Amino acid sequence: MTAAILTDHLTKNYGATPGIVDLNLEVHAGEVFGFLGPNGAGKSTTIRTILDLLHPTSGSATVLGYDTHRESTEIHRRIGYLPGDLAMYDRMTAREMLTYFSALRSVDTMAAVALLAERLELDLDRKIGSYSSGNRQKVGIVQAFMHEPELLILDEPSGGLDPLMQQEFYRMIDEVHSEGRTVFLSSHVLPEVERTADRVGIVRHSRLVAVETVEGLKTKARRHFQFVFADLIDPAVFAALPGVSSVAPSHDGYGVDIYVEGPVDRVLHTASEYRMENVISHEGDLEDAFLAFYKDDDAA
Amino acid sequence: MLRSVAAKTLWERRWGLLGWVAGGFVVTGFVVAVYPIVRDSSGLAKLVDEMPMELLALVGIDPEIFTTGFGYLQAQMYTLIAPLFILVLAIGMGASATSTEEHTGTSDLLLTTPVTRSSVVLQKTLALTVAATLLILSFVAALLLGQVTVDLRLSIWGVIGVNLGLLLLGTFFGSMAFAIAAWTGAKGLAMGLTSGVAGLAFFINGMAPLVEGLQGVQGFLPFYWYVADDPLMNGPTAWHLLLFCGTALFTIVAVAGFNRRDIGVRPTFLRMPRRPAEAAIARSSQSRLLRSISGKTVWDRRHSFWWWLVGMCSIAVLTAVFFPLIEDVGGDALVQLVDSYPPEILAMFGMTDPASLFTGAGLMSTRVYSGIGLIVVLAFAIGMGKAALAGEEHEGTADLLLTTSRRRDDVVLGKSSAIFGLLAALVVGVGMVVWLANLIVGLSLTFAGLLTATVGMTLFGFLFAALALAAGAWTGSPGAATGIAVATGVVAFLLNGFGTIVDWLKPLRPLSPFYWYQGDANPLDQRLGWQQPLLLFIGLGLIAAAMLLFRRRDVGA
C-alpha cells in the first residue's frame, strides 16, 4: 500500500537558517499521525514543503504516491489542508469563500458544507473578518473537510475551539479514521494527539527525533509510583535501583514517591519486601514522554 | 461569480472597479464637455495656420488637427489623464495580484487547491486585463456621448486604435509589476520599480520633441509605442504589437517566477545583508525611534522613504539636465510662439503663465512642483494618511495600540506630526537638489521662489494626508480613505484648471487648494502670502476633525 506521506532526506533552509533538516518520515495510509514539537521546531515548514508551497533545499517527498513538486496538482486534488496560521478572505462571507474553493476543486460540496456547519454550529452567512477566532477556525475546518479528502493535513487544528467543539472535532477525526482515510495532525497540544493519533513523530531543532506508537511512547515514559508502608521506610533503598530517576519520602516517613524509567520489576520486587499498605501506579503519559525529549533543551 | 480565480479577483474588486469606471466616465465627460470652447475659438485656427511648421512640430502641434476632436482629445485626454488612470489601476492590480495573498496568507489555501500556480498567474493577468478594459469602456462611453452631443467627429477606427493602445499600455506595465511581484513577493518593490520605469518613459517621451538628441531614443519607449503614428486618427498601429509582445513576455516571466517561489518567504537576494556592527547601530537607532508613536510612524518608512526621495530627486535632476538642451533649441522662438496662444487654451494644458513656460522656473515647476513630482508627493502623502488610522485598524494592530496607556488623541497627533515631518523632509530634500541644480546648470531660480514652493508643496501634501487620515478616522477603511482623498484631489485639480476657461467655474476656482498652492503662475514664482497659512490651517483643521471622529469610532467595526 502506498504511504500517505513519504519524505526522503527532506531539507528546507531559509538562507542560512534551517527550517527542517534531513527528514525521513513515513505516514501510513489510513492512520492518524501526530506530528509533535514545540513552536519553531519545523512542523509548519515540513507541511508547507510537502504541499509545494516551499521548495525543498534538498531531498524529496511523495504524498499519496505523487511527487510533491512535479505532481503537486494531483496531491492538492486529494488533500484537505488547514494552515496553522489560518488566513482567509476577510471580506467574503464563509459561504462565498467555501463556494469559491469548491469551484476551484471542481466538486459540489454544498451539502457537505451544510452538514459540517450544522455540526460545528457555524453561521455561514457572515463576513469572515467579523468572526471570532473560534469561528474562523471552524470555517477553516469546514474548508479542509468539505470535499472528503483522502488525506487531511491539519496544522494546529483545535486552537480557539471551545471544549465542546474540540470534542466534536475529535469525533470528526475518528470518523475520517474509521473510513480508512489518513490524517496528519501537527500539534503541541498533547492530550489532543493522545486522544486521536495512532503514531506520533517528534521534531526538535528542525530534526525528527523519534517516531513511535502512542502506546509505545507511553511505555517508555517515566512511571510514577506512590507506596505507603506499615512501618517507617528508608527511601535510600530505592534510590540505587536501575531506572529510578527520583525518590521522595511521603506520609511522614511511611511512604515514598518514586519515578521510574524503563522496566519496573526491580522497584516492585524491592517494595514487596516490606509490609505494603497501599500502592498507586500512575499511567505514564505522553506529556512525560514528550518532556523527556526536550528536557535537555535548556542546555541546547 | 466565484467559479474561478479570475472571476473572484474581479468580484472582490467590484466596488473599487465601479469607482474607477464612474471616475473615468466623469473625468472623460468633463474633458469632452469643454471641447466646444476650443473648437469655437476662431482666432486659434488662424493663428496656428500662420505659425512656421518647424516651430509647431517642436511643441507637438499638428495644425491640421489642433482644433479638431482628434487633436483636442489627443492632447487633453490621451496624453496624460487616460494613461495615468490606466497605469495606476493596472500597476496596482499587477503588483498586488499574488503578493497581497502571500502577505495576508490566503495563498496557502489557494495554492493547495488543484489550481496550478501558472493558472493563478494567467487568471490574475486576465482579471487585470478585464478591469483595464472596463475602465477604458467608461472612457469610450463618454467619447461616444461626446460624438453625439458636441460633435467630436472621431472615427470609430481611431477610437478603437487609441483605446487598444491604452489597454496594451496598461497590460504592459501591469504585467511588468506582476512579474516583479511574482519573483519577489514584494508588492512595494513591484509598484515602485514599475512606476519609476513608467514615469521615466513618460518623461523622456514628453521631452523628446523638445530635445534633438532624444528623438532616436523614442523608439524604445513604451509611451511612444502607445501614441506613435496617431492611433486616434489612424486606428491600431504596428507599434501596438510591441506592447502586446511585452505583455506576453512579462506574463511568461511572471509564470516562471511564481512557479519558483517559496510562498510567503522573502527571497534571499532581497534580504538586507547585516554585519554585526551595522546590526548594533540599527538596534540603537530603532530603539530611539520606537519610543513614541510618531517615531514608530517614521520607523515604518525608514526604507521606503529613501526610495520616494530618490524618485523625486531623479525627476529634478532629469529636468535640470534637459534644460540647457531646450534653451539651445531656441528658447526665444518658443516663448514667442507660446505667447501668441490664447491664454485659456494654455491654461487647459496646465500652463497658467505662458511666458514662464520655458524659463528654468517654469520647467522645474511643470515637472517637479506641479507636474509628475506633485503627483508623487500626493501619492506619498495620501498613502501615509490612509495607513495612519484606517491602516492600523484594518490590520488589527489598532487593538494593541489603543489598549496601551496612550489616548486616542495622542495617536492622531503623533502620527500627524510624523507625517508632516516626513513630507517636509522629502520636499526639503528635493528642494536642496533643485537648488544645487540651479547653481550648476543656471536655472535662474530665486531662493524666495524655491522657499515658497517648498513650503507650499509640504503644506499642500499635508492637507491631502490629513484628509486621508480624517477619512480613515471616519470610515476605518483604507480604501475609502484613499478614495475620498484622491477624488477630492481630482475635483480640485479640474476646478483649478477649468476654472480659468469655463465661465461658471471661474468664481469657484479660488476654492481649489491647487489654486492656493499654484496661483496664476508656477509654484516657483509664488511668494509667501495668505495661501500658505490657509493650506496649513485647513490641514490642521482636518487633523482636529480626525481627532473628534477617531474618539467616537468603534474600532474594527
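Predicted model: local features only at pLDDT ≥ 70, side-chain atom pairs only at ≥ 80, totals over all residues.
Two strands count as paired here when DSSP finds at least two bridges between them.

Let's start with β7 of chain A, residues 151-155. On one flank, strand β6 (residues 79-82) of chain A pairs with β7(A) in the parallel sense, over four bridges. Within that pairing, A:Leu82 sits opposite A:Leu154 of β7(A). On to β8 of chain A, residues 182-187: this strand runs parallel to β7(A) and is joined to β7(A) by five bridges. Here A:Ile153 has A:Phe184 in β8(A) as its bridge partner.

Strands β9 (residues 199-204) and β10 (residues 207-213) of chain A run antiparallel and share six bridges. One of the facing pairs is A:Val200 with A:Glu212 in β10(A).

Next comes an open sheet of four strands in chain A, ordered β12-β13-β11-β14, with antiparallel pairing. β12 (244-250) and β14 (276-282) of chain A are at the edges with a single partner strand each, so one side of each has no neighbour in the sheet. On average, and ignoring direction, neighbouring strands of this sheet are turned by 15 degrees against each other. β12(A) runs antiparallel to β13 (residues 255-260) of chain A, with six bridges between them. In that pairing A:Ser250 is opposite A:Gly255 of β13(A).

| Strands (chain A) | Sense | Bridges | Facing pair |
|---|---|---|---|
| β6 and β7 | parallel | four | A:Leu82 and A:Leu154 |
| β7 and β8 | parallel | five | A:Ile153 and A:Phe184 |
| β9 and β10 | antiparallel | six | A:Val200 and A:Glu212 |
| β12 and β13 | antiparallel | six | A:Ser250 and A:Gly255 |

Zooming out, chain A is divided into domain 1 (5-216) and domain 2 (222-283). The centres of domain 1 and domain 2 of chain A, taken over C-alpha atoms, are 43 Å apart.

Now for where the chains meet. The contact takes 25 residues from chain A and 21 residues from chain B. On the side of chain A that touches chain B, the elements giving two or more residues are α2 (72-78), β6 and α3 (94-104) of chain A. Which of these gives the most? That's α3(A), with six residues. By type, this side of chain A splits into 14 nonpolar, six polar and five charged residues.

One last stop, in chain B: B:Trp530 lies in the loop between α26 (513-518) and α27 (531-552) of chain B. Why does B:Trp530 count as exposed? Because there are 8 other C-beta atoms within 10 Å, and the cut-off for exposed is 12 or fewer. Its C-alpha atom is separated by 8.5 Å from that of B:Trp516, 14 residues away along the chain.

Methods:
Residues numbered from 1 in each chain as written. Chains lettered and ligands numbered in written order. Buried ≥ 20, exposed ≤ 12 C-beta atoms within 10 Å, placed from the backbone. Contact = placed C-beta atoms within 7 Å. Nonpolar A, V, L, I, M, F, W, Y, C, P; charged D, E, K, R; others polar. Axes fitted to C-alpha atoms, helices over the stretch in contact; angles between N-to-C directions. Domains from an automatic or database assignment.
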